[in-house]
Amino acid sequence: MSNRKSDGSMGGQSLLLPESYFSSALQLDQPPGRSASSIDLSSANSPNDERRPVLSTQSVAARKMGTRQLIPKNLAVTSRPKIRHHTTVVTLPVPLQSTDISWEDYDSDAGDGFSMRRNRRNKSYRAAVTSLNIEDLPSELQTETLTLVSEEKAANQKQAHKSGRKANPRFYQEIRERGLNANNLSTEDDEFTTTGPPEEDQGIVVKNYRAAYMTWSQLQQVKDLGILEIISPEERKRQEAIFEIITSEFSYQHSLSILVRHFKDSADLKKTMTTTEHHHLFSNISVIQEVSKWFFEDLEKRHQKYPVIQDISDIVQNHAAHHFEPYIVYCSNETFQQRTLQKLLSSNNAFRETLKQIEGSEECGGLPMISFLILPMQRVTRLPLLLDTICQKTPKEKAEYFAARWALKAISKLVKNCNDGARRMERTEQMYTIQKQMEFGKIKPFPLVSSSRWLKKSGELSAYTDDLSIFRKAFSYKSYYLFLFNDVLIVTKKKSEESYVVLDYATVEKVEMEEEMTDSKLNLKLQMNPNSEGRCEQMILVAESKLDRARWVTALSDVKQGNSIDDDLPQYEATKAYMPKAPDELSLQQAEVVIVLQEVDGWCHGERMRDGERGWFPANCATQITNRTAMENNIQRMERLRKETDV
């Protein structure tokens, strides 16, 4: 960098100051009668330039006010480091090199006692501007030469670029990607509105309420290079979508490391359970962590080449097709994982107490272990939404658009395999368990276990029966336990907690169930025509609540009817993750969109947009979307994703 030499009387020594610290805001007219001890900076300009720059402290106004003249306000403001929240890149000041002296040794500001212990950029600038009289400077500064090392600046910038995200990594449970919303990838620098923590009584709801990372446009490197003035707004949105996959993958990797290090590898926690329980609980999470590490490293290398990333679709497609198979194994183990965790929490005091201590540690952020265990399912289901956002922000005539489409197809196929694996394991085990519990008795039996059969809903209902006698007609109640599968309804009588006697059954297309409108009773009219004996059977059932009655009716209608929906139905966005407790309930991840078909007593029955799965969920886990444009964009996204996943 060029330097300006002083031609004043300095005993043959020169003071070199970086030109970047001087501004055009400084006065350039040379006042008459300048003292011999002042610094002449004109030698840095062209010899033909007769205008001699004068610092503000040597102006006429400065002489009237004395040595306490302040630097211009606009310079002082711009020289201060900006306060940045949730940054991914740290902006480091450029240091000045000196062999014997440091700016830390210079404490006073022109003798008035103001502290100068700020960042180096402020100190170097203010020292250059306010200490123009050589006699007022320390003697060491009159003999030493200050130089700016550009190589060190570059090294500092590179270190800031690498360490910015890692300085304060965020839990993946506590961020929300902007690309999850079909109509939202704002180019503004504002952050998402944070929400408060959920109510304490919602123990099954995973807390998720902190703000997301900063955007690509807020990167200091992007601002310094003036990229925002060069690229189009459409390309800017595309860069935001790409950058979000990188930052969210880093948060995901960080949360996985917490799960492995503090939960899976905890010797105290491992002592409280058997080896089989430990395997069911954590499965192949260590392999998932390594897979995420490789994926993030490839993404980071691409980003380090240049802040404007041409494409990452090839990286996503390669990992989805060749390295993400462990996700299928992990998702397939979900049934064993949830059952094992519930068993340990309910019957193992040592496990419960040890887990409580780990969850309360600072490293785990006070988050429950279940929020860490569901991370792989959460991440793999979000990736298609993020890839779809890149597709929509990429011009269709470019090669990057087709690459993004192929990547979306690859990651969608992976998600479908994960869902199929999880459902297959859960349904197969469930069917074997139910078959062992059922006794057909006098009813003609049939093989219950089938790869194409699964449980939709089960529960206890009461039934009206007529007691006829010579003198009077009376009504009595009998208790029945119903099992509704996707292809057959079985009516049983509960013999014990794990034993049922089959009374009747019929295929679902031969079953009719409807609400019976009464003022005070929650009746259901059930008709099987024909039943297992080939005749028509009717009964009046009584539900425990209005919600229970509605759930039985919708369970049967969902089985018999197709998944066609009306575009004008209300849409809800999940604000909390929800773990289902019954076969007819719907699991939700934060920011997932659901088309609500019915709402009863604080519960919603809806269809998950990304895959068409239907079920019930608590209404306080989601908020209604009122923006009409957003609703239309969600419908379009649903059609695209279902086409890619072949739902």
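Where does serine 283 lie? I found serine 283 in the loop between helix 9 (275–282) and helix 10 (285–305), where helices (H or I, at least four residues) and strands (E, at least two) are DSSP runs, numbered from the N terminus.

**Entry 1: ground rules**

I am working with a predicted model, in which local features need pLDDT of at least 70 and side-chain atom pairs count only at pLDDT 80 or more, while totals for chains, interfaces and linings use all residues. Residues are numbered from 1 along each chain as its sequence is written, and side-chain values use heavy atoms, with hydrogens and water left out.

**Entry 2: the chain as a whole**

I looked up the confidence, given as pLDDT (the predictor's confidence in each residue, from 0 to 100). The protein chain has a mean pLDDT of 74, and 65% of its residues reach 70 or more. Over residues 1–50 the pLDDT stays under 50, and for this stretch the model has 90 contacts beyond four places in sequence, a contact being heavy atoms within 4.5 Å. Residues 468–472 also have pLDDT under 50 throughout, with two contacts beyond four places in sequence.

I noted 19 helices and 17 strands in the protein chain. Of its 647 residues, 49% are buried, taking buried as under 20% relative accessible area, exposed as over 50% and partly exposed as in between (1.4 Å probe, protein chains only). Among contacts with a separation of 6 or more, 66% are between residues 24 or more positions apart.

**Entry 3: two helix pairs**

How are helix 11 and helix 17 placed relative to each other? Helix 11 (residues 313–322) and helix 17 (residues 399–437) pack at an angle of about 25 degrees, with their axes 8 Å apart; axes here are lines fitted to C-alpha atoms, for helices over the stretch in contact, and angles run from 0 to 180 degrees between N-to-C directions. The two helices are therefore roughly parallel to each other, since angles under 35 degrees count as roughly parallel, over 145 as roughly antiparallel, 65 to 115 as roughly perpendicular and the rest as oblique. Helix 11 passes helix 17 in a left-handed crossing, a crossing being left-handed if the near helix is turned anticlockwise from the far one by less than a right angle, and right-handed if clockwise.

From helix 11 the contact takes Ser313, Val316, Gln317 and Ala320, and from helix 17 it takes Glu400, Ala403, Ala404, Trp406, Ala407, Ala410, Ile411 and Leu414. Sorted by class, the contact of helix 11 with helix 17 has nine nonpolar, two polar and one charged residues, with Ala, Val, Leu, Ile, Met, Phe, Trp, Tyr, Cys and Pro as nonpolar, Asp, Glu, Lys and Arg as charged, and the others, Gly among them, as polar.

I then turned to helix 12 (residues 325–332) and helix 16 (residues 375–393), whose axes come within 10 Å and cross at roughly 130 degrees. These two helices are therefore oblique to each other, and helix 12 passes helix 16 in a left-handed crossing. Tyr327, Tyr330 and Cys331 in helix 12 meet Pro376, Met377 and Val380 in helix 16, and by class this contact has six nonpolar, no polar and no charged residues.

Which residues does arginine 551 touch? Arginine 551, in helix 18 (residues 546–560), touches Lys457, Ala582, Asp584, Glu585, Trp603 and Trp616, not counting residues up to four places away in sequence. Arginine 551 is buried because its relative accessible area is 9%.

Serine 499 belongs to strand 8 (residues 499–507) and is buried, with a relative accessible area of 10%. Leaving aside neighbours within four places in sequence, serine 499 is in contact with Gln437, Glu439, Lys493 and Lys494.

Alanine 463, in strand 5 (residues 455–468), counts as buried at 1% relative accessibility. I noted that the C-alpha atoms of alanine 463 and leucine 524 are separated by 9.1 Å, with the two residues 61 apart along the chain.

**Entry 4: backbone geometry**

Most residues other than glycine have a negative phi, and most peptide bonds are trans. Serine 283 has a phi near 50 degrees, a positive value, and counts as buried at 15% relative accessibility. Aspartate 601 likewise has a positive phi, near 50 degrees; this residue lies in the loop between strand 14 (593–600) and strand 15 (603–608) and is exposed, with a relative accessible area of 52%.

I also recorded a cis peptide bond between asparagine 529 and proline 530, with omega about 0 degrees. Proline 530 sits in the loop between strand 10 (523–528) and strand 11 (537–542).
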